[in-house]
Amino acid sequence: MEIVKLNIDGRDIEAQKGKSVLEACLDVNIYIPFLCYHPDLGTTGECGLCAVEVEGKDDLVLACEEIVANGLRILTSTPKVKDARRQALEILLKGHPADCGTCDKYLNCELQALKQYISSEDYKPLGPARLFAVDNSNPLFTLNPNKCVMCTRCIRACKDLRGVGILVEKTQGEDRYSGIENGVSLVEAGCRFCGACAEVCPTGAIMDKEELTKGKNRKTASLPCRYTCLAEIDVPRYLRFMGEGDYTAAAAVIREKVPFPGVLGYVCDHPCEDVCRRGQVNESIAIRELKRYAAENTDALPKINKKPDTGKKVAVIGSGPAGLTAAYYLALQGHNVTIFDALPLAGGMLRYGIPSYRLPREALDKEIDYIKSAGIEIKTSVKVDSVEKLFTEGFDGVIVAVGTQRGQKLPIPGADASGALIGVDFLRAVNSGEDVNIGKNVLVLGGGNVAFDCARAARRLGAQVKMACLESRETMPASDDEIKQGEEEGIKLYPARAFTRILSENGKITGVECQEVTSLEFDEANQPQIETKEDSTHVLEADTVIFAIGQRPEIPEGFGLNTTDGGLIELDLFTDGTSRENVFAAGDAVSGTSSVIKAIASGRKTAAALDMYLGGGGNIDEKLAPEQKVEICIGKIDGFATLTRCEDKLVTPEKRLKNFEQVVADLDKDTVECEAKRCLQCDLRLKITPIKFWSSY
């Protein structure tokens with residue numbers, strides 16, 4: 001690499017041969033104003049803002065076009081230079097909206113910053129203001145030609161960077177602005193919705209819609225799938241591998257953040273899909289289904305990479321998703337880890353709470369075996385009542401991950417009648433293969449996923465099933481696919497119901513007395529505030545009632561831990577530890593009953609905290625997947641915006657109800673690759689070099 005030496009305003013600098021003066025100056029934090037230049041796009045030289053004086057030349061030159069040379073002497077702040085920049089700025093601002101304060105780009109606008117740098121005078125618009133209509137009709141982006149200064153960055157990003165080329169220069173009278181040829185929509189033009197145009201636009205002429213970015217930083221707004229995932233799984237990265245047919249690499253990407261890719265592929269509540277930017281175009285990517293396919297079609301599991309033995313012993317109480325996750329990452333850090341669980345088999349609520357038609361046991365066992373291969377010992381049918389005993393046995397740290405195993409009943413008359421069951425106890429019995437006696441007419445109280453698990457399990461045991469809950473049909477906490485599949489299986493829903501008592505005759509339940517709910521809100525303590533319709537009392541007939549209204553953890557007194565009013569383990573906000581030295585906690589016992597991905601994320605966080613406590617660095621991230629060659633020139637695909645999401649292939653309701661076999665069939669290879677290629681590849685946007693404002697130099 002050949003180096004040349006030049007002088008900028010009396011300062012000697014070195015630069016790589018072939019670079020422009022502008023690039024050389026910016027490299028060493030000498031600021032020269034620019035707008036048409038972008039480090040990823042080059043320059044057009046059209047804005048004229050980077051004018052400088054070169055010793056020996058009568059006329060000013062543009063720093064973005066002047067190539068560095070030995071002995072070159074540049075002046076960047078002479079009166080002549082400043083005057084030229086003011087004139088260039090006036091041309092750019094002609095017709096531009098004058099009120100910066102009302103602009104969504106306010107304080108984040110390159111043009112506004114340049115105006116402050118070049119001139120301290122208030123800007124008074126020259127000529128009539130532009131009156132173009134603002135286009136909000138397109139998915140994801142707002143197009144406002146009134147703000148366009150024809151730097152052409154967006155056009156070059158679309159054409160040269162992405163290879164799509166739908167943005168062009170347009171004119172109306174003396175006004176020039178970027179837009180879409182023939183005035184068609186982004187969808188009709190063949191946009192890939194990658195966001196490069198909005199990322200490089202300096203003025204807000206092309207912007208993300210405010211509702212998608214408000215209150216978010218660049219990463220969370222641009223890549224919501226990854227940063228909504230509590231484990232921050234790199235979704236676009238593994239979808240790219242899947243589009244290439246490399247499922248082993250895709251699964252490795254997922255395993256860099258979670259040890260349960262297959263389990264999540266079945267039961268994750270996929271918050272990533274709810275925020276997927278593709279969903280604004282037409283339908284979100286089937287991220288969960290693709291995750292499952294990657295996990296089940298990998299050629300080989302990644303090699304376990306453990307750090308040297310630290311000599312530290314860790315006990316994990318509970319083998320649910322939080323406990324298994326914490327144990328896995330602590331074992332990788334070199335600690336000696338033992339898991340204790342009171343139940344006969346490992347898995348916690350994954351095994352004893354989720355029916356096998358949703359989570360096949362072979363998929364769960366496969367991933368538990370992988371976790372055990374990290375050198376973890378799992379002792380089942382062992383109930384731990386005292387952490388002090390664990391310390392006397394030589395353990396240096398303890399993680400309590402007991403979950404929320406204790407179900408609740410409503411405090412209403414008749415709740416203790418024979419035939420009134422607790423949901424988690426019912427599911428534990430069913431999932432353990434026990435003979436469960438229920439009537440022929442079952443009513444499940446609750447509207448969450450656990451309630452649907454109870455209802456759908458009862459249907460498979462031959463009962464007619466109804467469900468009733470406080471929430472309205474639109475606000476039921478259960479996932480949409482659970483509700484849909486439950487209704488297909490013949491479960492009748494009775495939302496917006498308050499329950500007043502359970503009715504019995506001769507010791508047998510006959511039904512539940514209810515009232516219609518007209519208003520439901522939750523107070524600061526998360527207690528429901530209910531208003532009911534006058535004279536709406538009615539009875540839902542049933543011979544069995546299953547309460548699925550929530551669970552709490554069972555924390556033995558011998559643990560000696562402080563708990564909240566709701567019975568959850570209290571954590572220190574700074575250390576993530578409990579009230580007791582050497583004892584940490586994770587999962588539902590801390591947060592309350594939640595999702596599998598939240599439990600896994602909690603297990604990761606707690607593992608990092610305990611590792612630091614034991615003298616480690618707390619860095620539990622893994623590098624398992626190969627380097628990925630990312631093609632930033634994605635090209636145009638006809639009909640890309642209208643490509644539809646793959647549909648779940650479900651076993652027919654008639655066949656489902658005959659057994660506890662898997663309900664959702666696996667996708668085929670062609671469908672998987674097509675679905676993966678629907679991804680907008682939003683992460684490419686984060687690879688675009690961000691522009692520093694002059695105040696950062």
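## Around Gln405

Gln405 touches Met349, Val424, Arg428, Arg552 and Pro553, leaving aside residues up to four places away in sequence (contact here means heavy atoms within 4.5 Å). Gln405 itself is found in the loop between β13 (397-400) and β14 (406-407); helices (H or I, at least four residues) and strands (E, at least two) are DSSP runs, numbered from the N terminus. With Arg428 there is also a polar contact, side chain to side chain, at 2.9 Å. That term stands for a pair of N or O atoms within 3.5 Å; within protein, one must be able to donate a hydrogen and the other to accept it, and residues adjacent in sequence count only if both atoms are side-chain atoms.

A word on the numbers: this is a predicted model, where local features need pLDDT of at least 70 and side-chain atom pairs count only at pLDDT 80 or more, while totals for chains, interfaces and linings use all residues. Residues are numbered from 1 along each chain as its sequence is written, and side-chain values use heavy atoms, with hydrogens and water left out.

## Salt bridges

The structure holds 42 salt bridges, each being a side-chain nitrogen of Lys or Arg within 4 Å of a carboxyl oxygen of Asp or Glu. Take Asp208 and Arg685, whose closest N and O atoms are 2.5 Å apart. This pair links distant parts of the chain, with Asp208 in strand β9 (residues 206-208) and Arg685 in the segment after α26 (669-676), 477 residues apart. Asp208 is buried at 12% relative accessibility, and Arg685 is buried at 5% (buried is under 20% relative accessible area, exposed over 50%, partly exposed in between, with a 1.4 Å probe and protein chains only).

Another salt bridge joins Glu273 and Arg645, at 3.0 Å from N to O. Glu273 sits in helix α13 (residues 271-275) and Arg645 in the loop between α24 (596-613) and β26 (649-650), so the pair ties together parts that are 372 residues apart in sequence. Here Glu273 is buried at 6%, whereas Arg645 is partly exposed at 22%. There's a network of salt bridges as well, linking Arg358, Asp453, Arg456, Arg460, Glu482, Lys484, Glu488, Glu489 and Arg656.

## Aromatic rings

A search of the whole structure turns up 13 aromatic pairs. Rings of Phe, Tyr and Trp (its six-membered ring) pair if their centres lie within 6.5 Å; planes under 30 degrees apart count as stacked, over 60 as edge-to-face and the rest as tilted. Tyr31 and Tyr697 make a tilted pair, 5.3 Å centre to centre with 40 degrees between the planes. Tyr31 lies in the loop between α1 (21-27) and β3 (51-54) and Tyr697 in the segment after α26, so the pair ties together parts 666 residues apart in sequence. Both rings belong to a cluster linked by ring pairs: Tyr31, Phe34, Tyr37, Tyr117, Trp694 and Tyr697.

Tyr697 also has the charged end of Lys692 over its ring, 4.4 Å from the centre. Arg192 does likewise with Phe640, its charged end 4.4 Å from the ring centre. The criterion is NZ of Lys or CZ of Arg within 6 Å of the ring centre and within 35 degrees of the ring normal.

## Positive phi

Leu140 has a positive phi of about 75 degrees although it is not a glycine; this buried residue (2%) is in the loop between α3 (110-118) and β6 (141-143). Gln681, not a glycine either, has a positive phi of about 55 degrees and is placed in the segment after α26.
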